[in-house]
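I opened this entry to record what I looked up in the structure, topic by topic.

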Amino acid sequence: MKQTLIERLTAYAKIDTQSDLSNEVCPSTDGQWELARMLVAELHTIGMKDVHIDDYGYVMASLASNTEKDVPVIGFLAHLDTATDFTGTNVRPQLVKNYDGSEIVLNKEKSIILEPNKFPNLQNYIGHTLITTDGNTLLGADNKAGIAEIMTALEFLIANPEIKHGKIRIAFTPDEEIGRGPHKFDVEKFGASFAYTVDGGPIGELQYESFNAASAEVIFHGNNVHPGTAKNKMTNSMKLAMNFHDEIPLSQAPEHTAGYEGFYHLLSMDGDVEKTTLHYIIRDFDQQKFENKKKHIRWVAEGMQRKFGKNTVELVIKDQYYNMREKIEPVKEIVDVAFSVMTSLEITPIVEPIRGGTDGSQLSYKGLPTPNLFTGGENFHSKYEFISVENMEKATNVIVGIVKKFEENA
């Protein structure tokens, strides 16, 4: 199984599937189509049924029930795209066998090193086989490890028909990293009673709480005049943007928050004297605190409009998704089953909120309760991303264990 997981993740990772927020088409990049079509062929090869890819790049397939018991239809999902935070072009995965706890040189030429003193969690992986980047790109284990684990679990179930299970549905979705993963997902067609995204990080993660999330675009309009004759005429939009950002609480930035603390995150900034644009994401687990954060952004913008003129500042806030806990708690047995399976496999469940996005947030509000399972990866969205093959195997076993458990409990 380990070699199969290595081969799958390596093959998937080499396809550039970064999503593109500026493109409204779904999927937003051609690489996602390439991976989706590869997976369709692979699903046919391993023996899955009802294999289908729709006009938006959503891949779905089924494994029929092999039990006479009335077992609910279970879904497993992962996403095709990789993050926009760091390049995913020309990914070259590297294999570190029997990791000994020392520094891992990702790129000797550029002196890019995965150092235990900077990443102390590396000590948890002594003796493991690790898949890393070459220091030039992200790895894309988020979420191609999830795809590999789902594929390998289904292939294992097909090869071992003595393992009884109900009907299983799987789906691979586009554009999760830019918040659009469930936008065109057909929940009715998928036909599952509930599902699990296999999109978490380190071993044991089991998540059914997510942020409430919004985006904020703030555009500042200045007036560019030759600096030699600019007195009382020039308005520098970049300085307006700096004034705006100074009103965002520094203590509520991602680098200063953890656990259930929310944040404002300045995602990008682009501008010159004439026009500057700031892109924020706003996150909080608590609904009222979430609303207060949006209210604060509006208050700052309105204050600047009063001071510098109404047309000086434009603000657009869009809600992206909400805390899925509200939709999962009524069916919390789906979390309890996953907890039980992990425990039986001697994996310590880490039940914690997701400090990030997952398709499950939106899908839960579309009628498909969807908690999140670990993949085994660390340092997602960066050149220091890596994953343990042993923990990928355990993630695969958890998927198999969940379908077995539901059949046993039926």
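**Lys294 and its partner**

I began with Lys294, which is buried, with a relative accessible area of 4%. The model is predicted, and I read every value below as computed from it. I then looked for the partner of this side chain and found that Lys294 and Asp319 meet in a salt bridge, at 2.8 Å from N to O. I noted that this pair links distant parts of the chain, with Asp319 in strand β14 and Lys294 in helix α6, 25 residues apart. I also looked up the accessibility of Asp319, which counts as partly exposed at 36%.

I found an open sheet of four strands in the order β12-β13-β11-β14, with antiparallel pairing. I asked myself which strands stand at the edges. They are β12 (263-271) and β14 (313-321); each has a single partner strand, so one side of each is left without a neighbour in the sheet. From one strand to the next, I recorded an average twist of 15 degrees.

I then looked at the pairing of β11 (residues 212-221) with β13 (residues 275-284), which is antiparallel and runs over 10 bridges. Within this pairing, I noted that Phe220 stands opposite Thr276 in β13.

I recorded two helices that pack on the sheet. Helix α5 (residues 237-246) touches β11, β12 and β13, and its direction makes about 20 degrees with that of β13. Helix α6 (residues 287-308) touches β11, β12, β13 and β14, and its direction makes about 170 degrees with that of β14.

**The second largest pocket**

I turned to the second largest pocket, for which I noted a volume of about 190 Å³. Its lining consists of Asn243, Asp246, Glu247, Trp299, Val300, Gly303, Met304, Lys307 and Phe308. I checked which elements give two or more residues to this lining, and they are α5 and α6. The largest share, six residues, comes from α6.

**Other salt bridges**

I looked up the total for the structure, which is 12 salt bridges. One of these joins Arg8 to Glu42, with the closest N and O atoms 2.4 Å apart. This pair links distant parts of the chain: Arg8 belongs to helix α1 (residues 2-13) and Glu42 to helix α2 (residues 30-46), 34 residues apart.

Are the two partners buried or exposed? Arg8 counts as buried at 8% relative accessibility, and Glu42 is buried as well, at 16%.

I compared the two ends: Glu24 is exposed, with a relative accessible area of 65%, whereas Arg180 counts as buried at 13%.

Notes:
Residues numbered from 1 in each chain as written. Predicted model: local features only at pLDDT ≥ 70, side-chain atom pairs only at ≥ 80, totals over all residues. Heavy atoms only, no water. Pairing = 2+ DSSP bridges. Axes fitted to C-alpha atoms, helices over the stretch in contact; angles between N-to-C directions. Contact = heavy atoms within 4.5 Å. Salt bridge = Lys/Arg side-chain N within 4 Å of Asp/Glu carboxyl O. Buried < 20%, exposed > 50% of the residue type's maximum accessible area, 1.4 Å probe, protein only. 1 Å grid on protein atoms, 1.4 Å probe; cavity = no way out; pocket = protein on both sides within 12 Å on 5 of 7 lines; lining within 4 Å. Points joined across faces, edges and corners; volume = space filled by probe spheres on them.
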